[in-house]
Every structure is written in structure tokens, then in C-alpha cells.
Amino acid sequence: MASAIASSSLRKTSLVAHHTIQSYRLLRKSIGPEVKIGFVPTMGALHEGHLSLVKHARDNNDLVVASIFVNPTQFGDGEDLDNYPRQLQRDTELLTDMGVDHLFVPNKEIMYGSNHVTYVHPKVRYQTRQLFEDFIHANAIRHLINKLLILGIR
């Protein structure tokens, strides 16, 4: 990971973490429409690929927002959600070093709640079981991105 950090134009920022939708919406309301925002959604456990996306966002936008949310809908039967690496302190330090301005870190209850009813289901025909399983995984990602956009994160 050092290569993405070393190649980035490092700037120490005071990264602001948002743990609630209300906190993030207050931020969004305070930003004018002329401000270009780069958004990098992740599930944490950051690696070189994530950091290159952050660098691209930093180089091409006025403000950079990242999110860390381990999305339970992206794990199927037999996949171990409980063992997915969660290293928020390390990830936050990396994002701060890369110049991220804001970090959205919701929990499952905030993202899905007890009355969750909205899903994204594009119409697709499946040729094989593997294509169906790939679709289910991609659908979980589409759903989360849609939800983040609805919450005002872009």
C-alpha cells in the first residue's frame, strides 16, 4: 500500500467521520453546488485498489468522501460475514493520509433498519447458475450504491 500513498500528493486533513445519516446530510447541505465531490464507497479492509481510487478522487475533486460499510447483503449462504476484516482505525488513518475529507461510517441498523423494504432488481435472464450468483452479488452492490445516493452521498 505504500506505493499509492507515496505517489499521492499527501496532505494531512482533519478527516470528519459521520456515523449518522443526519450528520452527513447536514454536511451536504453546507456544500455549494459548485463544489465537485469525489465519492469512494468501500467495505473497509482497504488495499492498494481502494487507495488508487481515493487518489484519483483527490486529484479530480474539491472534496473527497469515502464510506466504510460492511454490507451484509453482499454475503451469501456459506460466506462468513462475521469474519470479514474490520479495521476501522487503520482504514481511517490511511484515508486521512490520502487526503479524504469526510468518512461515512454507518452501521447495519442505520442502513437497513427494521422496516427496510426498498430493493433494486433489474430484469435479467440467467444462462447459468454462476451468472445468477454473480447477479445476486452485483445486485447487493447496486442496492447499496442506490441507497447511498438516496441519502445524498455522491
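Modeller: One term to begin with: a residue is called buried when its relative accessible area is under 20%. Keep in mind too that this is a predicted model.

Biologist: Fine. Is Met-98 buried or exposed?
Modeller: Met-98 is buried, because its relative accessible area is 0%. Met-98 sits in the loop between α4 and β4.

Biologist: How far is Met-98 from Val-64?
Modeller: Their C-alpha atoms are 9.8 Å apart in space, and the two residues are 34 apart in sequence.

Biologist: What does Val-54 touch, leaving out residues up to four places away in sequence?
Modeller: Val-54 touches Val-40, Leu-95, Met-98 and Val-100.

Biologist: And which residues have the most contacts inside the largest nonpolar core?
Modeller: Leu-15, Val-54, Ala-66, Leu-95, Val-100 and Leu-103. That core has 15 residues.

Biologist: Which elements give two or more residues to this core?
Modeller: Those are α3, β3 and α4. There is also a second, separate core of 14 residues, which includes Ile-21, Leu-63, Phe-104 and Leu-148.

Biologist: Let's take β3, then. How many of its residues are buried?
Modeller: Six of six; the strand covers residues 63-68. In a regular strand the side chains alternate between the two faces of the sheet. In β3, Leu-63, Val-65 and Ser-67 are on one side, Val-64, Ala-66 and Ile-68 are on the other, and all are buried.

Biologist: Which way does β2 run relative to β3, parallel or antiparallel?
Modeller: Parallel, with six bridges joining β2 (residues 37-42) to β3. Val-40 has Ala-66 in β3 as its bridge partner.

Biologist: How many bridges join β3 to β4?
Modeller: Three, and these strands run parallel as well. Here Ala-66 has Leu-103 in β4 as its bridge partner.

Biologist: What about the connections between these strands?
Modeller: Helix α3 (residues 48-60) forms a right-handed β-α-β unit with β2 and β3. Helix α4 (residues 88-97) forms a right-handed β-α-β unit with β3 and β4.

Biologist: Where is Asn-61?
Modeller: In the loop between α3 and β3. Asn-61 counts as buried because its relative accessibility is 19%, and the limit is under 20%.

Biologist: What lies 2.9 Å from a polar atom of its side chain?
Modeller: The backbone oxygen of Ala-57. Not counting residues up to four places away in sequence, Asn-61 touches Lys-36, Ile-37 and Gly-38.

Biologist: Changing topic: which residues of α2 are buried?
Modeller: In α2 (residues 21-30) they are Ile-21, Tyr-24, Leu-27 and Arg-28. Seen down the axis of α2, the buried residues fall within an arc of 125 degrees, so they line one face of the helix.

Biologist: And which residues are exposed on the other side of α2?
Modeller: Gln-22, Leu-26, Lys-29 and Ser-30.

Biologist: What covers the buried residues of α2?
Modeller: The cover includes β1 (16-18), β2, β3, β4 and α5 (108-112).

Biologist: One last item. What is the phi of Ala-45?
Modeller: It is positive, about 50 degrees, although Ala-45 is not a glycine. Most residues other than glycine have a negative phi.

Biologist: Where is Ala-45?
Modeller: Ala-45 is in the loop between β2 and α3. With a relative accessible area of 17%, Ala-45 is buried.

Note on methods:
Residues are numbered from 1 along each chain as its sequence is written. This is a predicted model: local features need pLDDT of at least 70, side-chain atom pairs count only at pLDDT 80 or more; totals for chains, interfaces and linings use all residues. Side-chain values use heavy atoms; hydrogens and water are left out. Buried means under 20% relative accessible area, exposed over 50%, partly exposed in between (1.4 Å probe, protein chains only). Helices (H or I, at least four residues) and strands (E, at least two) are DSSP runs, numbered from the N terminus. Two strands pair if DSSP finds at least two bridges between them. A crossover is right-handed if, with the strands pointing away from the viewer, the path from the first strand over the helix to the second runs clockwise. A polar contact is a pair of N or O atoms within 3.5 Å; within protein, one must be able to donate a hydrogen and the other to accept it, and residues adjacent in sequence count only if both atoms are side-chain atoms. Contact means heavy atoms within 4.5 Å. A nonpolar core is a set of buried Ala, Val, Leu, Ile, Met, Phe, Trp, Tyr and Cys residues joined through side-chain atoms within 4.5 Å. The arc is that of the directions from the helix axis to the C-beta atoms.
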